[in-house]
Amino acid sequence: MNPILLDFPTEFETDRLFIRMPLPGDGAVTCESINASLKELQPWMPFAQKEQTVEETEVVIRQGYLNFLNRSDLRLLVFKKDTREFVASSGLHRINWDVPKFEIGYWIDTRYSRRGYMTEAVQGITDFAVRELKARRIEIRCDSLNTKSRAIPEKLGFALDGILKNDSVSVDGELRDTCIYSKIF
């Protein structure tokens, strides 16, 4: 079946979070969050090497919206359930619908870190992928030096499948190792 024909929810909730697909107009809140978190994001995220403009971020959000609709990439925005404050960006990427297999990526607004929101969001996204998308494999890949990012799959019981040596180039041009965590369903 062509994935564009798949119908599934575009939003869901966890205990404290409201998680949904990106929508046109989300660029301003996402941009503000990126810019507030630049110092923490810069070592890991290529997009965070300079302050963002609302227009640049809105373009990325609208592309994420289109990708969600055509099922090529399922970006998800994370908000506090009670206040609808933007907390993080995540999603299901590098999709292989034949398996089905997904990779969860994520970054959090620094102002909301160390409260368990990202761990809760990743667990919620994992549950959503298994329940709604019939996921058989979910991966989380991260730089081996990114201890905060590594802590999330480790807390959630993902297995460390391996570490790919000299697998990527960091934002400062150095060769880096990539950790691959997974859960099988």
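Predicted model: local features only at pLDDT ≥ 70, side-chain atom pairs only at ≥ 80, totals over all residues.
Q: How much space lies in the second largest pocket, and what makes it a pocket rather than a cavity?
A: About 590 Å³ of space lies in the second largest pocket. On a 1 Å grid over the protein atoms alone, a cavity is a set of points where a 1.4 Å probe fits but cannot get out, while a pocket is an open set with protein on both sides within 12 Å along at least five of seven lines. The volume is the space filled by probe spheres set on the grid points, which are joined across faces, edges and corners.

Q: What makes a residue part of the lining of the second largest pocket, and which ones are closest to its centre?
A: A lining residue has an atom within 4 Å of a grid point. The second largest pocket is lined by 24 residues, and I108, S113, K148, S149 and I152 are the closest to its centre.

Q: Which element gives the largest share of that lining, and what makes something a helix or a strand here?
A: Helix 5 gives the largest share, with six residues. Helices (H or I, at least four residues) and strands (E, at least two) are DSSP runs, numbered from the N terminus. Helix 2 (38-41), strand 5, helix 4 (117-133) and helix 5 (147-155) each supply at least two residues of the lining.

Q: How does the lining of the second largest pocket divide by residue type?
A: There are twelve nonpolar, seven polar and five charged residues. Nonpolar means Ala, Val, Leu, Ile, Met, Phe, Trp, Tyr, Cys and Pro, charged means Asp, Glu, Lys and Arg, and the others, Gly among them, go down as polar.

Q: What about the largest pocket: what is its volume?
A: The largest pocket comes to about 1,000 Å³. It has 35 lining residues, and W44, M45, P46, R94 and G105 are the closest to its centre. Strand 5 gives the most to this lining, with five residues. By type, the lining of the largest pocket holds 14 nonpolar, 13 polar and eight charged residues.

Q: Which residues of helix 5 are buried, and why are they on the same side?
A: S149, R150, I152 and P153 are the buried ones in helix 5. They are on the same side because they cover an arc of only 150 degrees around the axis, where the arc is that of the directions from the helix axis to the C-beta atoms. The buried residues of helix 5 pack against strand 5, helix 4, strand 6, strand 7 and strand 8. On the face turned away from the buried side sit the exposed T147, K148 and K155.

Q: Why is S144 called buried?
A: Buried means under 20% relative accessible area, exposed over 50%, and partly exposed in between (1.4 Å probe, protein chains only). S144 is at 16%, so it counts as buried. Its place is the loop between strand 6 and helix 5. Leaving out residues up to four places away in sequence, S144 touches R150, D177 and C179, a contact being heavy atoms within 4.5 Å.

Q: How do you know whether T126, A151 and K134 are buried, partly exposed or exposed?
A: T126 in helix 4 has 2% relative accessibility, so it's buried. A151 in helix 5 has 23%, so it's partly exposed. K134 has 54%, so it's exposed.

Q: What makes the backbone of K134 and N166 stand out?
A: Most residues other than glycine have a negative phi, and most peptide bonds are trans. K134, in the loop between helix 4 and strand 6, has a positive phi of about 60 degrees although it is not a glycine. N166, in strand 7, has a positive phi near 45 degrees, and is not a glycine either.

Q: Which peptide bond is cis?
A: The bond from V99 to P100 is cis, with omega near -15 degrees. P100 sits in the loop between strand 4 and strand 5.

Definitions and conventions
Residues numbered from 1 in each chain as written. Heavy atoms only, no water.
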